[in-house]
Amino acid sequence: MSVDPSLDTGSATPVVAARPLRFALMVPGPVLAAWQREAIVKLVESGVASLELMIVDGRERLPATGTRRIVDMVRRDKAAWHLYNNVWVARRSQATRGVDCAALFEGVPTLTCRPERVGRFSEHFSDEDVAAVHGYDLDFILRFAFGIIRGPILDAARFGVWSFHHDDEGRYRGSPPSFWEVASGDPVTGVLFQRLTDRLDAGVVLKKGWFASVRHSYPRNRDRTLFGSADFPALVARAVHAGIADPVALPAATTGAPIYKNPSNREFARFLVGNARRLVRSQVEGVVRADKWGVGLAAADVTRPPFRLDTDKVHWLPELRRHGYLADPFLAVRDGRTAILLEDFDYRSNRGVISAIEIDPATLAMGAVHTGVIDPGVHTSYPFLIEVDGELFCVPETGQAAEVGVWRCVDFPARWERRATLLDGVALVDPTVSPRAGRWWLMGALRGPDVNTKLHLWHSESFFGPYVPHVANPVKVDVRSSRPAGSPFEVDGVLYRPAQDCSTAYGGALAINRIDRLTETEFAETTIRRIEPRG
């Protein structure tokens with residue numbers, strides 16, 4: 001199930017903030033990791049949050065001598081890991097490189113705190129420090145410092161202390177962040193953003209996401225999850241500010257996942273061997289293999305869930321040319337003619353156009369071929385088709401032009417004319433339009449590093465717009481079922497959305513999602529079926 005908890009208000013009525021949310025940062029000092037600075041900048045630039053206080057860890061940390069550090073690492077059987085993490089990973093990670101943020105924090109009051117260690121792990125702030133924090137009338141505290149904090153400090157802000165866990169807490173607890181997914185060959189790496197509670201690993205889930213694991217590189221995998229989730233604080237703050245989420249009313253998470261620690265020398269040796277194999281395989285495949293898509297027709301049962309698709313019996317269309325491929329098919333029947341509009345990619349020009357292939361529905365034989373029926377001069381793909389008021393329209397992907405245009409069918413399937421622009425200045429990938437509950441919904445992914453992971457929505461009263469972005473964008477962060485993969489369809493009043501599963505490869509499988517909530521402030525869907533190729 002993939003439901004964004006940050007949009008689930010339960011029975012509580014969230015507080016709508018007329019002013020920006022007041023927040024504090026828990027930091028070790030002015031130098032932060034690059035991904036942490038990005039998270040803060042996104043939060044401040046969102047316009048819904050104002051930085052009011054810096055809570056700085058004032059405890060003195062005496063650096064261990066070289067000999068003492070080596071002896072300590074050997075004693076704990078962690079020497080190999082520490083050498084790898086502190087030298088190799090530190091030099092290659094972009095997300096964890098140190099950045100001086102003094103200019104960003106200029107003029108912000110600073111409170112220096114020295115929590116007391118209670119028991120083996122817990123850190124408690126003094127009553128004086130808690131009272132001082134209370135005095136700033138904060139809405140939340142974003143934690144980038146200190147250890148396992150407990151006690152009254154967790155309630156010193158209206159919506160508590162917010163913190164990251166860069167793993168899926170349902171499978172991996174502990175440390176190192178985003179490591180054990182690579183070591184285990186897990187195709188996805190989860191990220192949890194939570195409100196801390198007094199119970200360890202029982203925080204309130206504010207936002208979750210799943211990213212495709214970089215299975216041959218730990219530094220790149222960690223960078224992907226750190227940078228990819230840097231917008232989570234801003235997304236949650238925006239939802240709270242808009243009154244569609246209440247971090248206090250949500251239930252605490254429960255997990256029985258094992259607790260992982262830094263790998264021992266033996267575990268790290270196994271990781272290195274497996275990582276070397278995956279790296280060699282990745283390099284070899286990058287040289288000797290290339291994606292080449294094809295289009296086929298297969299029988300499917302879409303009358304009721306779970307929607308069977310016979311992938312063993314596919315009628316493949318022949319290639320139009322040797323120096324290209326066909327992809328992204330959309331089928332339409334009009335005026336007694338059946339045709340498929342598709343991406344027609346040419347390696348020589350390194351871009352696609354939209355072509356149309358007529359099909360005999362009885363024999364599936366290919367008829368007339370109409371090349372370049374839609375060609376706006378940039379790479380064009382994903383010719384999404386939809387009928388509106390008796391007319392057939394195509395909404396192709398033209399993200400390279402940073403716009404979403406609409407083309408009207410003049411003479412099916414060969415002639416199309418430009419009709420309107422739905423979005424301007426937005427590089428949207430796989431634009432998909434669907435009417436629902438009296439509104440038009442435009443779905444897609446934004447070009448960039450998270451194009452396969454994050455789903456964005458816009459909505460309008462009219463098919464032709466104007467479209468406004470969903471308040472919770474991106475409404476979904478899950479590489480297994482976010483990026484659109486075809487036309488939504490309705491069965492018994494329920495709307496279903498096909499999506500790509502890019503966890504193992506781009507377009508590696510198909511996910512069928514049941515849309516459970518779709519309003520101007522909410523979005524939630526459940527993946528009910530995964531369809532993958534055979535053989």
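**Ground rules.** I call a residue buried if its relative accessible area is under 20%, exposed if over 50%, and partly exposed in between (1.4 Å probe, protein chains only). I am working with a predicted model, where local features need pLDDT of at least 70 and side-chain atom pairs count only at pLDDT 80 or more, while totals for chains, interfaces and linings use all residues. Residues are numbered from 1 along each chain as its sequence is written, and side-chain values use heavy atoms, with hydrogens and water left out.

**Entry 1: the whole chain.** I began with secondary structure, taking helices (H or I, at least four residues) and strands (E, at least two) as DSSP runs numbered from the N terminus. The chain has 34 strands and 8 helices. Its radius of gyration is 26 Å, close to the 24 Å that the globule rule gives for 535 residues, so the chain is as compact as a globular protein of that length. For the record, that radius is taken over C-alpha atoms, and the globule rule is 2.2 Å times the number of residues to the power 0.38. Along the principal axes, the C-alpha atoms fill a box of roughly 80 × 55 × 40 Å.

I then looked up cover and contacts. Of the 535 residues, 51% count as buried. The chain exposes about 24,800 Å², and carbon and sulfur atoms supply 51% of that area; accessible areas come from the Shrake-Rupley method with a 1.4 Å probe, and for residues only the protein chains shown count as cover. With contact meaning heavy atoms within 4.5 Å, I found that residues 24 or more positions apart account for 59% of the contacts with a separation of 6 or more.

Entry 2: How many residues of strand S28 are buried? I got 7 of the 7 in residues 454-460, so S28 is largely enclosed by the rest of the structure. Lys454, His456, Trp458 and Ser460 point one way from the strand, while Leu455, Leu457 and His459 point the other way, and all are buried.

Next I traced the pairings, counting two strands as paired if DSSP finds at least two bridges between them. S27 and S28 run antiparallel, joined by 5 bridges, and Trp440 stands opposite Ser460 in S28. S28 also pairs with strand S30 (residues 476-477) in the antiparallel sense over 2 bridges; here Leu455 stands opposite Lys476. Strand S29 (residues 468-469) is joined to S28 by 2 bridges, again antiparallel, with Val468 as the bridge partner of His459.

**Entry 3: the S26-S27 hairpin.** I followed S27 (residues 439-446) to S26, to which it is joined by 7 bridges in an antiparallel run. The two form a hairpin with 2 residues between them, and Ala437 in the turn has a positive phi of about 55 degrees. Arg436 has Arg439 in S27 as its bridge partner. S26 (residues 428-436) is mostly covered, with 7 of its 9 residues buried.

**Entry 4: salt bridges.** My cut-off was a side-chain nitrogen of Lys or Arg within 4 Å of a carboxyl oxygen of Asp or Glu. The structure holds 32 such salt bridges. In one of them, Glu123 meets Arg59, with the closest N and O atoms 3.3 Å apart. This pair links distant parts of the chain: Glu123 lies in strand S8 (residues 122-124), and Arg59 lies 64 residues away in the loop between strand S4 (49-57) and helix H2 (66-75). Glu123 counts as buried at 5% relative accessibility, whereas Arg59 counts as partly exposed at 21%. Glu123 also makes a salt bridge with Arg117, at 4.0 Å from N to O.

I noted two further cases. Asp301 and Arg304 form a salt bridge with their closest N and O atoms 3.6 Å apart, and Asp301 is partly exposed, with a relative accessible area of 24%. Arg19, Asp137, Asp139 and Arg158 are linked in a network of salt bridges.

**Entry 5: cysteines.** How many disulfides does a search of the whole structure find? The count is 0, using a pair of cysteine sulfur atoms within 2.5 Å as the test. For Cys101, the nearest cysteine sulfur is that of Cys113, 19 Å away; Cys101 counts as buried at 1% relative accessibility. For Cys394, the nearest cysteine sulfur belongs to Cys409, 9.4 Å away. Cys394 counts as buried too, at 0%.
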